[in-house]
Amino acid sequence: MTSRYIAIDWGSTNLRAWLYQEAECLESRQSEAGVTRLNGKSPQAVLAEITHGWRDAQTPVVMAGMVGSNVGWKVAPYLPVPACFSAIGEQLTAVGDNVWIIPGLCVSRDDNRNVMRGEETQLLGARELSPSSVYVMPGTHCKWVRADERQIHDFRTVMTGELHHLLLRHSLVGAGLPEQEVSSAAFTSGLERGLATPAILPQLFEVRAAHVLGHLPHELVSEFLSGLLIGAEVASMAERYSDHQVTIVAGKALSGRYQQALEAMGRKATVISGDTAFQTGIRSIVHAVAN
């Protein structure tokens, strides 16, 4: 491989690309042409558009995310966990000349069925930037990953972000609400409730009752619900990893919320940017292949 390469994070709804020269990012681009939004175009055509002017035949492209799923360009098989970090970069799926897709990870046991795509690349970077025994990766589907310096041992997925969206937009909990406002106080109130009582199914309808009866301002329901769900998630999952160091891998807004939740339980956590972790991880894969 050459020192010039392209890293791509290709998800369901969005596509992001970075042009690198060694460790220096020369340019970045983004598009809404996720694998479920190709609008009749082929993945090859979309790739050519997003990388126009960036590459010749010798410029490698390494891609991660849903592009390797059964709704993407080509299935990049899941690596079963436990898996060595090094194995991720050793089992790439080729989809063209100098174009590869990074595999996802899976767990398949009677007590845990799980898959991830994209987060495995963030994990590689997080391991380099902030070695830890537990990585919390907030998002639509939050991942809790147990690892050591050599292997990924296990992971779980909590649908906190998606549940928040569904409850607020498509259930009676959020019906008839005005535009929502940001409120750290409302979030903290919900967080305290979720941490104290993580079995939240009986509490979800109470969120609606609280604003109907005037105990929760209508414009703060989203923040209270976010706190309730994150609190319940952290209280439930932290029990599995009570004696482990934690690194949170996410953007600033979400990482701050999870850090607040963990600190409320007396747990300290290191925070690193999800984008930085992804780019660091994909660079490590390119360099490993080159060597």
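1. Asn98 sits in the loop between strand E7 (93-96) and strand E8 (99-101). This is a predicted model. Asn98 is not a glycine, yet its phi is positive, about 60°. Its relative accessible area is 23%, so Asn98 is partly exposed.

2. Asn39 is another residue to check. Its phi is near 50°, a positive value in a residue other than glycine. Asn39 lies in the loop between strand E3 (24-31) and helix H1 (43-50). Asn39 counts as exposed because its relative accessibility is 76%, and the cut-off for exposed is over 50%.

3. Look next at Pro82. The peptide bond from Val81 to Pro82 is cis, with omega near 5°. Pro82 is placed in the loop between E5 and strand E6 (83-84). For context, most residues other than glycine have a negative phi, and most peptide bonds are trans.

4. Now the strand pairing. Strand E5 (residues 79-80) runs parallel to strand E9 (residues 105-109), over 2 bridges. Leu79 has Leu105 as its bridge partner in E9. E9 also pairs with strand E10 (residues 112-116), in the antiparallel sense, over 5 bridges. A hairpin of 2 residues joins E9 to E10. Val107 has Asn114 as its bridge partner in E10.

5. The largest nonpolar core has 33 residues. Ile88, Leu105, Leu123, Val145 and Ile152 touch the most other members. Helix H9 (residues 274-290) gives the most to this core, with 5 residues. A second, separate core holds 21 residues, including Val46, Val67, Val95 and Ile101.

6. Which residues does Val145 touch, not counting residues up to four places away in sequence? Among them are Met116, Leu123, Tyr135, Ile152 and Phe155.

Technical notes. Residues numbered from 1 in each chain as written. Predicted model: local features only at pLDDT ≥ 70, side-chain atom pairs only at ≥ 80, totals over all residues. Heavy atoms only, no water. Pairing = 2+ DSSP bridges. Helix = DSSP H or I, 4+ residues; strand = E, 2+ residues; numbered from the N terminus. Core = buried A, V, L, I, M, F, W, Y, C linked by side-chain atoms within 4.5 Å. Buried < 20%, exposed > 50% of the residue type's maximum accessible area, 1.4 Å probe, protein only. Contact = heavy atoms within 4.5 Å.
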